[in-house]
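Morning, everyone. I have one structure to walk through today.

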Amino acid sequence: MTVKGTKRTKKFWAVVCAVIVASLMCASFSFAYFTDYDRASGKTGISLAWETNIKEEMDGNNKSITIENIGETDTIVRVRIFAGDFVTVEDRGLEKHWKQEGDWWYYDRILAPGQTTTELYAEVKTTDADADDFEVTVVHESARTVYENNKTLKAPEDWAYVPEL
Amino acid sequence: MNNRKNKKLKVLTALFGVASLVFAMLAIQSFASLRYGNSRDVDLEMGSIDVRLLENGNITPEVSKDKEGWLLRELNDQAVDPGYSYDEVIEARNTADQPEYVRVIVRKYWADEDNKRVDLDPALIKLGYKDADFNSDAWIINDAETTSEQTVYYMKKALPAKTDSPALFDRISADASLADAYTLKTSEDGKTITATYEYDGLHMGLDIEVQSIQHTSANEAITSAWGVTNVTVSDGTVSIKR
């Protein structure tokens, strides 16, 4: 009986010791070094597409040209008019925003969504008899605004001019 | 005979108890800081450390440790222009009563509406500070922990109690070359050419985690808790072995 009791006592203390050792090991890892963290995440959409629409209104043989930004992002625009020597092009806006560089007319403002350019006017200078023999073709190009830094717009390929910020 | 054994057992148990107590005290002491007041009393002070993330001066809400959708929310109402830099000032705030060492883990990614797009290049999301990639006066990169998915920055000095860190970044932008990644398609009548952009309609994502660790026994703490062996603190300055 005494031997049994001693064995039980030994077992009891062995278990107690094991529990204490295990607890202390856990405690040492939990309390040895204090750390904290804070984490946040988020995302924002990128819209690279743009959409512009040219409006050509006839005024006799002449054309009144404006471009509207019908997309959701800023754009820059330019216009080229094919009509030989029969046409002169004039910026008819109250404020002059069209700038000619080579064969193209560049609008010197960023066109925000919903905005329309001022009027560019193509006046045909020929007799009525000649007027049936030619066509005034207007080409417009637009591009998404891309920045080289916060002070300069990046020019699309082949563009000789971009608006200054 | 049995009495002798029992006595031995009791003595061993007592010794073990004392050893355990000493061990526990040592473990606790590794965090305890000694503070000397104007009097000559010495206080053994226990406390916790606490760190929070700040974006553009705004501190994260205390709802939980992980805040999804909190970063970049100010940009959600505007169309992000490629190449244009937007304010993104990232700082850490020590809200506890004692200094702490701080590191920041930054992950950038592209995502569509539902999932991350690991096939797209996170390097096209640009974080920066003034004319540099980050504020290298106050922060240092640990290349050993940096991958294509994440960059780990350590603050060079301990962040004092109740203080904001120097900014790690102050701006974010989508690289201008995004506008060069497109394919052109001409309409059937040949009058309209449409560009389709690879990154159009995607989201640029940011995941930032700031971590802090006790300033006492910093070297042991950094090794044990953060699991890095090439970061050491000497005379209050963090250095990284390359």
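I will take the interface first, then the salt bridges, then the pockets. A caution before that: this is a predicted model.

Let's start where the chains meet. On the chain A side, 40 residues are in contact, and they touch 72 residues of chain B. How much area do chain A and chain B bury between them? About 4700 Å², with 56% of it on carbon and sulfur atoms. For anyone new to that number, the size of an interface is often given as the accessible area lost when the parts come together.

Between chain A and chain B, the count is six salt bridges. Take the pair B:K67 and A:D38: their side chains meet in a salt bridge at 2.3 Å, N to O. Which elements of chain A give two or more residues to the side that touches chain B? They are α1 (2-31), β1 (35-45) and β10. By class, that side of chain A has 17 nonpolar, 14 polar and nine charged residues.

Next, salt bridges over the whole model. Over all chains, the count comes to 23. Look at A:K55 and A:E68, whose side chains meet at 3.7 Å, N to O. A:K55 sits in strand β2 of chain A, and A:E68 sits in strand β3 (residues 62-69) of chain A. The largest pocket holds about 1300 Å³ of space. Its lining has 38 residues, and those closest to its centre are A:W50, A:H140, A:E141, A:S142 and B:I193. Two or more lining residues come from each of β2 (52-59) and β9 (137-144) of chain A, and from each of β13 (182-186) and β14 (193-197) of chain B. Which element gives the most? That is β9(A), with eight residues. By class, the lining of the largest pocket has 18 nonpolar, eight polar and 12 charged residues.

The second largest pocket holds about 340 Å³. It is lined by 18 residues, and A:E148, A:N149, B:G83, B:S85 and B:R171 lie nearest its centre. The elements giving two or more residues here are β10 (147-149) of chain A, plus β8 (125-128) and β12 (169-174) of chain B. This lining divides into five nonpolar, six polar and seven charged residues.

One link to take away. Strand β10 of chain A gives two or more residues to the side that touches chain B, and also to the lining of the second largest pocket. Thanks.

Note on methods. Residues numbered from 1 in each chain as written. Chains lettered and ligands numbered in written order. Predicted model: local features only at pLDDT ≥ 70, side-chain atom pairs only at ≥ 80, totals over all residues. Heavy atoms only, no water. 1 Å grid on protein atoms, 1.4 Å probe; cavity = no way out; pocket = protein on both sides within 12 Å on 5 of 7 lines; lining within 4 Å. Points joined across faces, edges and corners; volume = space filled by probe spheres on them. Helix = DSSP H or I, 4+ residues; strand = E, 2+ residues; numbered from the N terminus. Nonpolar A, V, L, I, M, F, W, Y, C, P; charged D, E, K, R; others polar. Contact = heavy atoms within 4.5 Å. Buried area = accessible area lost by both parts, 1.4 Å probe. Salt bridge = Lys/Arg side-chain N within 4 Å of Asp/Glu carboxyl O.
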